[in-house]
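Please read each point alongside the coordinates.

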Amino acid sequence: MSGTHPVPEEIRTILRGFSEETMAACAEFKATGSQAAFDRAVLDLINHHLSPKPPRPITTYPGTTALVAELGLDSIAMVELVFIFEDLFQTKLPQEELIQVVTIDDLRNLLRKHLPPAGPQ
């Protein structure tokens with residue numbers, strides 16, 4: 001579970017305005033490489049950018065849920081998410097792959113593909 005890994009100042013700076021739970025999930029993933037923490041972080045980051053919020057917790061939506069058509073994520077929010085992911089994980093997400101992202105799983109898979117190794121090396 002999250003909370004056992006201190007949240008570095010770098011993560012606090014990048015995620016200013018986000019919940020402690022989001023910061024903790026990102027810190028846990030970066031410290032351990034935990035896929036559960038990664039999934040929590042991705043869902044928390046998406047949820048933060050949704051307005052209005054979905055009628056039920058984002059954790060209850062399947063990975064096949066469409067970010068735009070079903071959750072209402074707009075293009076500006078998607079760009080903000082990309083910048084946050086790139087800053088958090090020191091990676092670049094190729095534009096030609098980003099335009100193919102439709103679902104929660106598409107986004108997760110794209111991020112996993114371009115993530116640098118996490119956890120103890």
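Which residues of H4 do Val42, Leu45 and Ile46 in H3 meet?

1. The model under discussion is predicted. In it, Val42, Leu45 and Ile46 of H3 meet Leu81, Ile84, Phe85 and Leu88 of H4. Two packed helices are described by the angle between their axes and the distance between the axes. For H3 and H4, the axes come within 11 Å and cross at roughly 145°. The crossing in which H3 passes H4 is right-handed.

2. H3 itself has 14 residues, and its reach from first to last C-alpha is 20 Å, close to the 20 Å expected at 1.5 Å a residue. Its buried residues are Ala37, Phe38, Ala41, Val42, Leu43, Leu45 and Ile46. The cover over these buried residues includes H2, H4 and H6. At the start of H3, a side-chain oxygen of Ser34 comes to within 3.3 Å of the backbone nitrogen of Ala36.

3. H2 (residues 20–32) contains 13 residues and spans 18 Å between its first and last C-alpha, close to the 18 Å expected at 1.5 Å a residue. Just after H2, Gly33 adopts a positive phi of about 80°.

4. In H6, the buried residues are Ile104, Leu107, Arg108, Leu110, Leu111 and His114. Viewed down the axis of H6, these buried residues fall within an arc of 165°, so they line one face of the helix. The buried residues of H6 pack against H3, H4 and helix H5 (95–98).

5. Is Arg108 buried or exposed? Arg108 counts as buried because its relative accessibility is 12%, and the cut-off for buried is under 20%. The side chain of Arg108 makes a polar contact of 2.8 Å with the side chain of Asp105. With neighbours within four places in sequence set aside, Arg108 is in contact with Phe38, Asp39, Val42, Leu43 and Gly63. Among these contacts, Phe38, Val42 and Leu43 are also buried residues of H3.

6. The C-alpha atom of Thr65 is separated by 5.3 Å from that of Thr103, although the two are 38 residues apart along the chain. Residues up to four places away in sequence not being counted, Thr65 touches Glu70, Leu71, Val102, Thr103 and Ile104. Of these, Ile104 is one of the buried residues of H6.

7. Ala66 lies in the loop between H3 and H4 and is likewise buried, at a relative accessible area of 11%. Ala66 and Ala24, which are 42 residues apart in sequence, have C-alpha atoms 26 Å apart in space.

How values were computed:
Residues numbered from 1 in each chain as written. Predicted model: local features only at pLDDT ≥ 70, side-chain atom pairs only at ≥ 80, totals over all residues. Heavy atoms only, no water. Buried < 20%, exposed > 50% of the residue type's maximum accessible area, 1.4 Å probe, protein only. Polar contact = N/O pair within 3.5 Å; in protein donor to acceptor, adjacent residues only side chain to side chain. Contact = heavy atoms within 4.5 Å. Helix = DSSP H or I, 4+ residues; strand = E, 2+ residues; numbered from the N terminus. Expected span 1.5 Å × (residues − 1). Arc of directions from axis to C-beta. Axes fitted to C-alpha atoms, helices over the stretch in contact; angles between N-to-C directions. Left-handed = near helix turned anticlockwise from the far one by under 90°.
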